[in-house]
Amino acid sequence: MSISHQDHAYPEPAAHPNWSSRHHKPRPLTPAQQKQNRDALLRAQHTPRPHHTRNTTTKAAR
């Protein structure tokens, strides 16, 4: 069974204007921005993530 638009309880909302492809394409990153992104990516990939410790102050307040 096919569902048409009339079968829906609510109409589909309009797409957000930012989703439109009529706008200009984004500017390319400068070499400095590319280097900054590469450095940040390498740091994030090779830096161990901190272990989360349980918050014991909430139990003491009970």
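A salt bridge here is a side-chain nitrogen of Lys or Arg within 4 Å of a carboxyl oxygen of Asp or Glu. Keep that in mind as you look over this predicted model, because a search of the whole structure with that cut-off turns up one salt bridge.

Let's start with the overall layout. The protein has 62 residues, and its fold contains two helices and zero strands. As for burial, 0% of the residues count as buried.

Now for the salt bridge itself. The partners are K35 and D39, whose side chains come together at 2.9 Å, N to O. That pair qualifies because 2.9 Å is within the 4 Å cut-off. Both residues belong to helix α1, which covers residues 31-46. They sit four residues apart, or about one turn of the helix.

How exposed are the two partners? K35 is partly exposed, at a relative accessible area of 45%, and D39 is also partly exposed, at 31%. Both get that label because their values fall between the 20% and 50% cut-offs.

While you're in helix α1, take a look at Q34, which is found there too. A polar atom of the Q34 side chain lies 3.3 Å from the backbone oxygen of L29.

Notes
Residues are numbered from 1 along each chain as its sequence is written. This is a predicted model: local features need pLDDT of at least 70, side-chain atom pairs count only at pLDDT 80 or more; totals for chains, interfaces and linings use all residues. Side-chain values use heavy atoms; hydrogens and water are left out. Buried means under 20% relative accessible area, exposed over 50%, partly exposed in between (1.4 Å probe, protein chains only). A polar contact is a pair of N or O atoms within 3.5 Å; within protein, one must be able to donate a hydrogen and the other to accept it, and residues adjacent in sequence count only if both atoms are side-chain atoms.
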